[in-house]
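The sequence and model come next.

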Amino acid sequence: MTSGFGLVVRFTLCDAEAAEAFDALVTKTLEGIQAHEPGTLAYVVHTVADEPNTRLFYELYADREAFDQHERQEHTRHFLAEREKYVTDVEVTFVQSQGSAGAWS
C-alpha cells in the first residue's frame, strides 16, 4: 500500500469569469506536473455539484520530498501567484492514508 503524502484543497472562486480563467490556469499547471513531476502520484481537480465557483483538488505525492519538489517547480509557483486573482477562499487539509484500493494500492 502507498502511504504517500497528500492534501485536499478547496478553492472558492470569485465568479463565473474567474472560474473560467482559473480553469485555464489549472490546465497549464497540470501540463507542467505531468511533464516534470514523477513523484506526484495523483493531482486530480474536481468541480463540485451545485457549486459552480468551487474547485476541489486531491493531491497525492510519493512522500514529503516529492511534495516539496512540486512546490519548487516553476509551473507551481506561477499557479500559486496567479490564483490570487481568481480566488476568494482557500482551505487546505493535509491527509494521511489509512488504506487504499485501486491504482495506488
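Threonine 29 counts as buried because its relative accessibility is 3%, where buried means under 20% relative accessible area, exposed over 50% and partly exposed in between (1.4 Å probe, protein chains only). This residue is found in helix α1. The model is predicted: local features need pLDDT of at least 70 and side-chain atom pairs count only at pLDDT 80 or more, while totals for chains, interfaces and linings use all residues. Residues are numbered from 1 along each chain as its sequence is written, and side-chain values use heavy atoms, with hydrogens and water left out.

- Not counting residues up to four places away in sequence, threonine 29 touches His75 and Phe79; contact means heavy atoms within 4.5 Å.
- Helices (H or I, at least four residues) and strands (E, at least two) are DSSP runs, numbered from the N terminus.
- Helix α1 packs against helix α3 (residues 74-82) at an angle of about 160 degrees, and their axes are 9 Å apart.
- Axes are lines fitted to C-alpha atoms, for helices over the stretch in contact, and angles run from 0 to 180 degrees between N-to-C directions.
- α1 is therefore roughly antiparallel to α3, a term that applies to angles over 145 degrees.
- On the α1 side, the contact is made by Phe22, Leu25, Val26, Thr29, Gly32, Ile33 and His36, and on the α3 side by His75, His78, Phe79 and Glu82.

**Nonpolar core**
- A nonpolar core is a set of buried Ala, Val, Leu, Ile, Met, Phe, Trp, Tyr and Cys residues joined through side-chain atoms within 4.5 Å.
- The largest one has 19 residues, of which Leu7, Phe11, Leu13, Phe22, Phe57, Tyr61 and Phe79 touch the most other members.
- Two or more residues each come from β1, α1 (16-36), β3 and α2 (64-72).
- With six residues, α1 gives the most to this core.
- Leaving aside neighbours within four places in sequence, phenylalanine 22 is in contact with Phe11, Leu13, Arg55, Phe57, Phe79, Arg83, Tyr86 and Val87.

**Strands**
- Strand β1 (residues 5-13) pairs with strand β3 (residues 51-61) in the antiparallel sense over eight bridges; two strands pair if DSSP finds at least two bridges between them.
- Arginine 10 has leucine 56 in β3 as its bridge partner.
- Strand β2 (residues 40-48) also runs antiparallel to β3, joined by eight bridges, and valine 48 stands opposite glutamate 51 in β3.
- A hairpin is formed by β2 and β3, with two residues between them, and aspartate 50 in the turn has a positive phi of about 65 degrees.

Methods:
Parallel < 35°, antiparallel > 145°, perpendicular 65-115°, else oblique.
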